[in-house]
Amino acid sequence: MASHANALGAPTERREGRAKVTGEALYATEYTPPGCLYAWPVTATVARGRIASLDLDAALALPDVVDVLTPESAPRLAASDDATLAVLQDAKVPHHGWPIAVVIAETIEAARAAAEAVRVTYDTEPHESVLGDDPAAAYRPEEANGGHPAERRRGEPEAAFAAAPVRVDVRYRVPPLHNHPMEPHGATANWHDGRLTVYDSSQGSDTVRSVLAELFGLPEEQVTVISEHVGGGFGSKGTPRPHVVLAAMASVHTGRPVKLTLSRRQLTELVGHRAPTDHRLRLGSDDEGTLASVIHEVTTHTSRVKEFVEQAAVPARVMYGSATSLTDHKVAALDVPTPSWMRAPGEAPGMYALESAVDELAYALDIDPIELRARNEPGQEPDSGLPFSSRHLVECLREGARRFGWADRDARPGIRREGAWLTGTGVASATYPVLVSPSRATVTAHPDGLHVVRVNATDIGTGARTVLAQVAAEALGVDVESVRTEIGSTGLPRAPLAGGSSGTASWGWAVHDASRALAGQLQRHTGPLPPDGLTAAADTKGSADQKSPYARHAFGAHFAEVAVDTDTGEVRVRRLLGVYAVGRVLNARTATSQFIGGMVMGLGMALTERGTVDPASGAFIGSDLAGYHVPAHADVPAIEAHWIDERDEHLNPMGSKGIGEIGIVGTAAAIGNAVHHATGVRFRELPLTPDRVHGGL
Amino acid sequence: MKPVSYLRASSVEEAASAHGGRTEARYLGGGTNLVDLMKLGVERPEVLVDITRLPLDGVREQPDGSVRVGATVRNSDLAAHPLVRERYPVVSQAVLSGASGQLRNMATTGGNLLQRTRCAYFQDLAKACNKRVPGSGCAAVVGVNHDHAVLGHSPHCVATNPSDLCVALAAVDAVVELAGPGGGRTVPVTEFHRLPGDHPELDTVIRPGELITGVLLPPLPRGAVSHYRKVRERASYAFALASVAAVLQLEGGEIRHAAVAFGGLAHRPWRARRTETALLGTRPSQESVARAVEAELAEAVPLRDNAYKVSLARDLATQVLGSLSTTA
């Protein structure tokens, strides 16, 4: 047997690449079972009230229309924990875009035309859909997303702040943001012979199966959910969304397969968004820059359907040592679509605000911002007092500084002019927690030398198939080419979702354990393998979910160089550089992609992306891909992603931390800090669009 | 589903007769705007007359030195054409600052002149819009109007014209050639697009059934220089927050010819006649140019969310004119 010690970490090419670029890879609504029907949701055009009447005559009279499901005719659903899935169960309209009917037809065109022909009247009630300054309705929730306590307090932070000789007291704002994965949410549902088979665009089909089984009162064994290829999710496909429930309802109702794809505009109101956050940051330090007080207070919105609280003050519990601290969340329930996870929920907006404020403190102290961070490097996690399993933030900052050329930087703002352009550089830290969940997996060695890994992982574009083959190859000591990975179906061993940067750690742990067990079996086995091969199974329940005695987080540093046109307020990012400490990097190629993808998304958050609520209707307006500006190629500059060699024995058998989200964290702050360095002006509300920047110069 | 009949015309006459001036008929060029609007339900034609095979795809110099651009010349070809690049840099630059490479490969010159506004309320059937449904009201005037007009709007409509090309065409005094049931006619680009007034549903003065056959670019004054610059929310593939097209000719340090047009500020490309008048005969300085630009923008009436456009357009135009006057 050859040596395969280097299977992990190698820049192995993504396995499904060819299938994707040749169109052979099938996505959820590219399956067309015989007799397939098409469904199109009718969504509410008011922000609050009840359906007064639904006139279906014109819709039903159109050719090829099979039926229209309404709150009166739709199948009854059992209650679930997720109220956003209780669609067509009553006449209530909790927000603009809420489904009020679904048309089922022989063609997608007929379904859509009939959806437009449904006549609706509403009894409306006054609504409030815009998060204002200090909203009266804001309350402190019990928990923020992720199970974090809404408020944490150490010592007397207000008094310490008041007594601090150097103080920063600032407000930062982040608007609503949309996930907008390339593949819109869609599902093909097939109710046949008492079984429900669903192709869904999801980050985790086991969750979709459990929820559908619960909602439709079916045993889980009678539900199969397949998510073989998924065109991105960024959190918005982490749990089932209404589209799959509507598709399943339509199939159960008609007894035929039904496809449903949300339109780009429906996406913005039915699959979640990043809630807007209003941050008040108070940092107090002594004259040397040692923090005495960190106070991060966040106000955000949720819907009236379900409470979701963006945990934006949570990273301040991790980042810097200070004698006292307060981190607090308040939320106002508005007449808005329900917010949910979007890449690095909490960390992305929270670290934008915190890292911008730290930069402000560095200027107030006249200390280099990297040096200021180094001075406040904590010996243990400030909030919990737990030791870090590994923490190389300062190493990331120093390595990034070396690569970026930070040492030559003149800290004075607003002095580098090239014609109409002012240039500047900025830095910010990044962090993301290490999350991991139990998973099952099997690995089989076949007589022909093939090894098959089976685990219901989901590849949302990350390269999960490839990295899991690498994990198995290394644990088995075989060539990665001899390993086949089967993922993306509930017919496979149960596994958690691709989310929270935890997928590879969770699935990989089980794949590793099964592979090691198989390697032992193979060692003990004599003679040829049986025709079906030898199989080993693993279940990491009891190990992956054990509470760690360590605080476990990934860290990173982001550097940005920008140019600002003083005539027009246009900001152009010239360079972005990230350095990460994320444990062991398992695939150098796909990891680089993930880091760079996160940084591009952070660039969009900094400069171009803004969800806009129309106050009169409560709708997200202009939020399709023409109006909601994700970065175009021309916006994306020279980007580099690097990592430092980090060994951490307290994570999982591969020694890896998650990498899917940390790239977005800190990028916006680095860009914002660079804009300040360029212009001398602090812009404290994202995105940094020409109107704002031009107006502020 | 609404059936649509599709007919590919091989001559202007055939196209005109297939269209017949019916309200339910549309000429189909690159389809980059019309087909989008059909998907959104904003446009619901019953008859599509494909004009892309008409013999209108040439860019040719005319005996009088002007350049005639056929209506079906693709935006990419227009921007790349040597005659356009050499003589009308402002036109080439404007085209290249619009849309994306793929869209420019499809979109036609005539179609560009007939682009509809990208006002989000116009594109959303659930919102009131006098342009889409006359008399239904204007959700934008009281809504999110960050991207909307600051010049020439009416209480009935605050939409902007989205075209980049048209702004440059206005600045070079291009002329639209039309063929119609009543014969051919020409209309200066500056008079082709309307202000919304009481009839925002009418974007232009085109008559039912009329077909744009070409655009005539008159020769610019000898030695004139021109430039187009656009400000948008990302580096490409976004509509203008504000843009400016300018043509200047100087002799002995004095401005002899000035043509300035704004994009993104109004329901039509906005010729800044007051600016031009103020510039003519002057020796341009930073201050005189700024004053000349102010003269036009003093007319602006911003809405709740778009006051930034006035100062942005001012600084943009001052920069473009200032830099042109040093190269002229």
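In chain A, 20 residues of domain 2 are in contact with 23 residues of domain 3; two residues count as in contact if their C-beta atoms, placed from the backbone, lie within 7 Å. This is a predicted model, where local features need pLDDT of at least 70, side-chain atom pairs count only at pLDDT 80 or more, and totals for chains, interfaces and linings use all residues. Residues are numbered from 1 along each chain as its sequence is written, with chains lettered from A and ligands numbered from 1 in the order in which they are written.

**Exercise 1.** Work out by class which residues make up the side of domain 2 of chain A that touches domain 3 of chain A.

*Solution.* 
- Start with the bounds, which come from an automatic or database domain assignment: domain 2 of chain A is 31–126 + 180–270, and domain 3 is 143–177 + 273–434 + 549–696.
- Next, get the spacing: their C-alpha centres lie 36 Å apart.
- Now sort the domain 2 side: five nonpolar, ten polar and five charged residues. Here Ala, Val, Leu, Ile, Met, Phe, Trp, Tyr, Cys and Pro count as nonpolar, Asp, Glu, Lys and Arg as charged, and the others, Gly among them, as polar.

**Exercise 2.** Find how the buried residues of α12(B) are arranged around the helix axis.

*Solution.* 
- Helix α12 of chain B covers residues 286–297; helices are DSSP runs (H or I, at least four residues), numbered from the N terminus.
- List the buried ones: Val289(B), Ala292(B), Val293(B), Glu296(B) and Leu297(B).
- Look down the axis: these buried residues fall within an arc of 135°, so they line one face of α12(B). The arc is that of the directions from the helix axis to the C-beta atoms.
- Finally, check the partners: the buried residues of α12(B) pack against α11 (273–279) and α13 (308–327) of chain B.

Definitions and conventions
Helix = DSSP H or I, 4+ residues; strand = E, 2+ residues; numbered from the N terminus. Expected span 1.5 Å × (residues − 1). Buried ≥ 20, exposed ≤ 12 C-beta atoms within 10 Å, placed from the backbone.
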